Amino acid sequence: MKAHFESTWLFLAALALAACQAPAESSAASAASNSSSAAPRRVLERPSAERLYADVAWLADDAQEGRRAGTPAELRSAQWLAARFEQLGLAPAGEGGTYLQAFDVPLPVELGEKSAVSLVGEFAGGALETRISAGGEVLPLFCSSGGAASGALAFRGYGLINAENEWNDYAGERGLLEGRVVLVVRGVPQRPATAADAAASTEHGAVQSGDGWGSSGSLFMKVMNAKRHGASAVLLAPHPSARDEALPEFDHSRAAQAGIPALAIRYDVALRLLPAYEALVASIDEHGVLGGAFDDSRSPRVAVNADVVRSKGPAHNVLARLAGADSSRTVLVGAHYDHLGRGGDGSLAPGQHGEIHNGADDNASGTAAVLEMARLLAASGKPACDVVFALWSGEELGLLGSEHWAQRPTFALESVVAKLNLDMVGRAGNGSLAVLGVGSAEPFESWLTAAGPRAGLDLKLNRSGQGVGGSDHQTFLKRKIPSLHFFTGVHSDYHKPSDDLERFEAAGAAKVVAVCVELIERIASAPRLAWVEPPAPEQGGVRVGAPMRVWFGTVPEYSYEGKGLLLSGTSPGSPAEKAGMLAGDVLIKVGDIEVETIQDFMYALQTYKAGDVVLAKYLRGGVEESVRVTLATRDAQ
Ligand SMILES: [Zn+2]
């Protein structure tokens, strides 16, 4: 494909002359020179695959430990990137005259040694806690909050609520827990098994199982069921038929927080708490949900401590400016440089927790591409307007870095005429590149249609701003800033330790850079682009991660720390939109489920069914409102 490349640069040279004459004044002239057939001018040097490779090699090296936001390795990478911008002679565009902008992110969850279960003996002079669990006999669940709780013990069978099977361990009085510590059995009720039943049921995932219990048997749902009914803590014990079952490993790859302490305990601990445990479970398996009748009034008082450390640390955006002829307008060119570190939240290789997720494609490739664009443009004199290069952190944690910047911009947000976002551009060897957000400004389609072949790439243009997975372009699209997202596709190494340098296709990435440089030139030398609302994404788009069965249609604001779910918007055509919910609303209740965290909301979506009409309570401008929402499924529209 070498040919294409040359043709790009010959074109650029030919046009360089035409554009230098005051593009701002004669819009006719710039319009003529900016017609899509003619390549824009100025940048003479060709993108270097070697430089791209070298930069990805540095960023994806084990020494950078997977660049998890908030870690020393991320700061090291941020300083290296700032030094690169400085070497290129670009001006600092971060905070306080530096290249960096710091902001807080949740750090990887850590487990301490002090998780324990104790019996509390009360006597005239006070209470005495007797620890009944030895080290290794209890372990916090992935969704456990850190901290202590105590209350009378309440046994609630399998802790399940499943309407299809007419099973509810919290029906009637059994649902009034009032701060008790709830003990439940892991797994799903033992019924006469068919072959399919035995194969299908899963404890950890929300995956549909063939045994008709679906996700209702998952650890997360059991903890949330107990919380919803007023438990102060939850203990999960193995079924007597699996008394030697290992404690479920703490799954660092899941960030869900239930909001109460939740421990998995060994069988012996369950017996120490409740000597009748085996008989009670046998009775349930024989007689069904009512078999597990348990007299709460005579139960012992229990104290639980979950030693889970959830803390925050500083992460860093890196920003640099290339001054242009017109500094009232800025083209923002960005990519996130953070990745998953040693696994945990977002990793698709939970079994490889602790291994470095190098993130060569995600997103060392986009970061290196931004550096290469900066080098090429900086070497070509003043562009028609300012160009700011932004390397975001915290993207893997929910677009935290770009959202923080957009809420606290280090220069006028209104000056941003367009945003280019690159996330996973390291697999263009097959000559294909997807571009999303094309519908957010009128000229994008024709410019890209011309630029693709010139760079030797087959561009898959998507007018909507949403496709497979999210990225930092969404931070700007929701602020009605025309934005393009460049992406070479998901692959089997996505979010795994195997996303390594060896699979990075540098020559392909160089072509991506060529397309982006051409677009930057076009945008910079064109009159300010008018925002166009992009169309909703096509139905049937595959989303990375477990799809939700029920659709509400909220677009959550991940950086929100208050109680409830702050909406940063609603999905087009969704139940939330139809019910009139708006960006800025804070969802606080869905049906009879209080929504304090995003997990409570996810729990509500797994509790109700498509077609259910639920009352949604929310705060608008601090005033409580409510509306009936008819839940749907994603493909029900
Ligand atoms: Zn990414």
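Analyst: A search of the whole structure finds 0 disulfides, a disulfide being a pair of cysteine sulfur atoms within 2.5 Å. This is a predicted model, in which local features need pLDDT of at least 70 and side-chain atom pairs count only at pLDDT 80 or more, while totals for chains, interfaces and linings use all residues. Residues are numbered from 1 along each chain as its sequence is written, and side-chain values use heavy atoms, with hydrogens and water left out.

User: Is cysteine 143 buried or exposed?

Analyst: Buried means under 20% relative accessible area, exposed over 50%, and partly exposed in between, with a 1.4 Å probe and protein chains only. Cysteine 143 is buried because its relative accessible area is 0%, and cysteine 516 counts as buried at 0% relative accessibility.

User: How should I read the sheet, and what is the order of its 8 strands?

Analyst: Strands of a sheet pair through backbone hydrogen bonds, either parallel or antiparallel. Strands here are DSSP runs (E, at least two residues), numbered from the N terminus, and two of them pair if DSSP finds at least two bridges between them. The open sheet has mixed pairing and the order β5-β4-β13-β7-β10-β11-β12-β6; its edge strands, β5 (126–131) and β6 (138–140), each pair on one side only.

User: How many bridges join β6 to β12?

Analyst: There are 3 bridges between β6 and β12 (residues 262–265), and the two strands run antiparallel; within this pair, leucine 139 stands opposite alanine 264 of β12.

Definitions and conventions
Helices (H or I, at least four residues) and strands (E, at least two) are DSSP runs, numbered from the N terminus.
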